[in-house]
Amino acid sequence: MNKITNHMPTAELQALDAAHHMHPFTANTALGSKGARIMTQGKGVWLTDSEGNKIIDGMAGLWCVNIGYGRTELGDVAKRQMDELAYYNTFFQTSHVPAIALAAKIAELAPEGMNHVFFAGSGSEANDTNIRLVRRYWDAKGQPEKRIIIARTNGYHGSTIGGGSLGGMSGIHAHGGKIAGVVHIGEPNYWAQGGDMTPEAFGLARAQELEAMILNLGVENVAAFIGEPVQGAGGVIVPPSSYWPEIQRIVDKYGILLIADEVITGFGRTGNWFGSQSFGIKPHIMTIAKGLSSGYQPIGGSIVCDEVAAVIGSDEFNHGYTYSGHPVAAAVALENLRIMQEENIVAHVRDVAHPYLAKKWAGLMEHPMVGDAQLVGLMGSIALTPNKAARAKFSSDVGTVGYRCRERCFANNLIMRHVGDRMIISPPLVITLEEIDVLIERAWVSIDECYVGLKGDGLFK
Ligand SMILES: *Cc1c(COP(=O)(O)O)cnc(C)c1O
């Protein structure tokens with residue numbers, strides 16, 4: 001086979017892709033006949049595809065390229081680390097500088113009392129670690145029957161069998177099943193499910209499902225509760241302000257462990273280092289990945305509080321990955337965090353980009369098809385609706401309209417994802433105000449083209 005390069009014709013690349021590459025979360029046969037869009041370069045918030053189009057990436061890849069594309073410092077660090085020590089494990093009483101330095105740096109940034117890091121290769125792996133951590137914790141404390149983890153419908157915690165089981169997405173459960181010992185309560189999705197309640201009353205009610213579930217199962221059987229501070233893949237669902245304080249009250253009252261899945265919300269996304277800080281959550285364990293390395297290397301982990309780490313550490317914990325704390329990934333993550341700190345990127349999100357985007361994002365509600373608009377830090381969503389006042393759903397299958405809107409965005413060189421009929425964004429944290437203007441302009445045009453198309457096809461109902 002000839003060398004495959006960026007200079008091959010797009011159609012040839014697409015044909016090879018279709019012939020050999022199985023895409024995740026994709027109907028591959030259909031994609032094969034349509035042809036994947038092939039990305040070739042990235043710089044800042046901009047991607048270039050194989051046809052030379054310049055696309056603004058409103059999703060930071062998959063919520064991860066927080067410092068933007070094309071930062072050559074990270075490649076320099078990776079090369080240096082590979083040349084010096086490409087790999088060594090941390091299983092058998094050995095360690096190395098990148099893992100040590102990264103763990104110490106994460107402990108410095110994490111909330112008080114969270115000083116220990118167990119490394120993984122991804123968010124899914126880290127959540128698999130968390131299942132074993134919380135069960136082992138209770139086991140070591142002489143309460144091995146405390147095994148059940150309570151999670152939420154429409155939560156996302158990855159797509160391994162463990163992560164997929166914690167997640168509350170029926171489509172994922174349908175493909176391969178789920179493990180025993182995970183149960184789900186309702187999500188705090190006011191727009192779709194709040195009915196006639198006020199957001200605050202609804203947030204309380206959804207949180208109190210946790211208490212009801214604990215009592216129903218018996219607290220002696222419950223190990224932990226897991227939730228994302230803001231649901232990401234579920235559609236950027238921002239909980240009512242009453243929700244997390246009530247969850248915290250219940251977790252404290254019954255003494256179960258609290259896992260905050262910070263894979264998206266960690267490392268600046270919400271305008272603080274961690275989403276738990278933005279929402280006043282006090283977790284025992286935080287899942288991290290994505291923004292930890294800004295996606296430049298695959299790495300994830302669990303940040304563990306002192307008490308849990310002490311119990312786990314009291315004996316051997318039979319768990320770990322070949323690539324836990326991989327030196328190249330750790331060195332790159334460390335360089336990413338150095339840049340985040342040196343360039344005050346969290347403050348840029350909180351004080352500059354968020355306030356500016358918040359106004360413009362809310363401005364999209366002037367469009368007749370946009371109902372809800374939510375934005376926390378730099379993660380946002382809008383609800384597409386045929387009737388805002390009624391918070392109505394479209395009569396077409398859920399996702400039909402969202403998909404059509406996403407196709408318009410794609411055609412207009414804006415990457416904005418759809419979850420059902422919600423449109424979501426999560427741009428690189430380094431986005432400038434001028435780039436926010438471009439993002440909003442393209443979003444408006446795309447929404448409007450979608451709207452006109454729906455009316456033409458008689459689907460705006
Ligand atoms: C992406 C994500 C995961 C899974 O991370 P992977 O690196 O894809 O395995 C877990 N939890 C949340 C909240 C995520 O957004």
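The protein is divided into domain 1 (37-67 + 344-456) and domain 2 (73-342), with bounds from an automatic or database domain assignment. This is a predicted model, in which local features need pLDDT of at least 70, side-chain atom pairs count only at pLDDT 80 or more, and totals for chains, interfaces and linings use all residues. Residues are numbered from 1 along each chain as its sequence is written, and side-chain values use heavy atoms, leaving out hydrogens and water.

- The centres of domain 1 and domain 2, taken over C-alpha atoms, are 26 Å apart.
- Domain 1 gives 33 residues to the contact and domain 2 gives 36 residues, where contact means heavy atoms within 4.5 Å.
- About 2,700 Å² is buried between domain 1 and domain 2, and carbon and sulfur atoms give 63% of that area; buried area is the accessible area (1.4 Å probe) that two parts lose on being put together, summed over both.
- Of the area that domain 1 buries against domain 2, 27% comes from Ile 67, Met 379 and Arg 391, more than from any other three residues.

**Polar pairing between the domains**

- There are zero salt bridges between domain 1 and domain 2 (a side-chain nitrogen of Lys or Arg within 4 Å of a carboxyl oxygen of Asp or Glu).

**Glu 211**

- Glu 211 counts as buried because its relative accessibility is 14%, the limit being under 20% relative accessible area (1.4 Å probe, protein chains only).
- The side chains of Glu 211 and Lys 253 are joined by a polar contact of 3.2 Å.
- Not counting residues up to four places away in sequence, Glu 211 touches Arg 249, Ile 250, Lys 253 and Tyr 254.

Key. Buried < 20%, exposed > 50% of the residue type's maximum accessible area, 1.4 Å probe, protein only. Polar contact = N/O pair within 3.5 Å; in protein donor to acceptor, adjacent residues only side chain to side chain.
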